[in-house]
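Colleague: Before we discuss this model, could you take me through the terms behind the values and then the values themselves?

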Amino acid sequence: MSIFPNSDICETPVMTANLIKQTDFDAIIIGGGACGLMCAVQAGFLGKRTLILEKNDKVGAKILISGGGRCNYTNLYTTAQQFISENEHFCKSTLSQWTVEDTIRFFETYGIEGKEKTLGQLFPVSDKAKDVVNVFTSLCVDLGQEIWCDAEVKSIGKLDGNFIVSIERCGKTEKLSVPKVVIASGGLPIPKMGATDFGLRTARNLGLAINDTAPALVPLTITGKDQPWYEQLSGNSIFCRVWNDRVSFEENILFTHWGLSGPAILQISSYWRPGEFIYIDLLPNQNIAELIQAEREANGKKMLLAYLAGLFTRKFAEALSDKLPADKNLASLSKADIEDISNLIHEFKVKPAGDKGYDKAEVMRGGLSTDELSSKTLEVKKIPGLYFGGECVDVTGWLGGYNFQWAWASGFVIAQNL
Ligand SMILES: Cc1cc2nc3c(=O)[nH]c(=O)nc-3n(C[C@H](O)[C@H](O)[C@H](O)COP(=O)(O)OP(=O)(O)OC[C@H]3O[C@@H](n4cnc5c(N)ncnc54)[C@H](O)[C@@H]3O)c2cc1C
């Protein structure tokens, strides 16, 4: 029996050959999510037989809830720039082997037309994420790919050149022998939907490097004396530019009773680190000082509050008024007043207390270090026959369909190499 380096997962005393079931699958795919399903289908197209092992009672749980149940399945403007990774070049090979056009064509072939909602985000015309999952489950049946649900993989080991996959199914432990294994078990977000640390734990046990993980695409919280200010605006949404010293996004922000959410905040959260500020331009692409100047020439008696209520909502202008001379009329604003207004509107500083954690995060940042994988095949360099794809790898997309594009593409690439 050969044992992985640093591994405590081989359970040498109990893993005797006679308890192990030899399978005739070319590969076992751990995780029936976006990456695993695409991998099984693409392997099937190539005449390879795979078995998907899925812990949940159904596959594609995250696809079903994605995009508010509508599934933003790719983004027309995908490039490597929309992915965060310690090695920003790593995803390029995968994304070029399975492009956005491939995703679009694949779904069209199986009856899903896409429509662009905003910023290149493609959704099924039907607005039904379950149509996306159905494509995969039907293809798996047609192609003879097997799916076992309620089958949680506990560990993997190696015996006589084959992988031994230990699973728990129907209260029983089984050990399956197979030549290749794909780890597509996703990241840590939404544990109540089946997320596990299996990919990370296994990588760690195999002595593979992991880059720090954290919730990403996640709402940010505000606590302490500032919290009531945000709470009073709960439900208000404003188009903004949100930035820090790494990146900038122009989309909506949403005030909530515990802090900030909305697409621009989710985007910046992936680049935010505890203790840092983020900056918000509440009136992007306009200059408040120039606007006030023009308005006061025409209507100097107008109160600043009334003017701001015209630019924003009344509610938002009232909330801003405790930070501004809102009861002054425009004509009486001093140069210093206008400078203060301009700073507040164009560089609103926020120091989040934290984030809403994995219960509310859409993805996990970090994961298996890409140094451990061949960028061409996604095979573990030190362990031939073992592959990692999808969210458990340190490749994290922006909001907007990029994460699924990575999941489909990595599933495809692995399938070509099984
Ligand atoms: C609320 C929400 C909305 C989202 N919306 C979008 C969107 O619209 N567009 C987009 O691009 N991305 C979206 N995402 C992100 C996207 O869902 C993920 O990036 C993508 O699902 C990752 O695919 P994956 O196959 O790597 O992992 P997953 O889809 O998470 O699949 C992993 C599977 O492995 C299973 N598993 C885990 N451990 C084990 C084990 N030990 N044994 C057996 N099975 C196991 C899990 O149950 C799961 O089914 C959203 C995420 C969330 C949470």
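Modeller: Domain bounds here come from an automatic or database domain assignment. On that basis the chain is divided into domain 1 (17–215 + 364–417) and domain 2 (219–356), and their C-alpha centres lie 40 Å apart. This is a predicted model, in which local features need pLDDT of at least 70 and side-chain atom pairs count only at pLDDT 80 or more, while totals for chains, interfaces and linings use all residues. Residues are numbered from 1 along each chain as its sequence is written, and side-chain values use heavy atoms, with hydrogens and water left out.

Colleague: What makes residues of domain 1 and domain 2 count as in contact, and how many are there?

Modeller: Contact means heavy atoms within 4.5 Å, and by that rule six residues of domain 1 are in contact with 11 residues of domain 2.

Colleague: How much area do domain 1 and domain 2 bury between them, and how do you know?

Modeller: Buried area is the accessible area (1.4 Å probe) that two parts lose on being put together, summed over both; for these domains that comes to about 780 Å², 56% of it on carbon and sulfur atoms. Arg365, Trp398 and Leu399 supply 59% of the area that domain 1 buries against domain 2, more than any other three residues.
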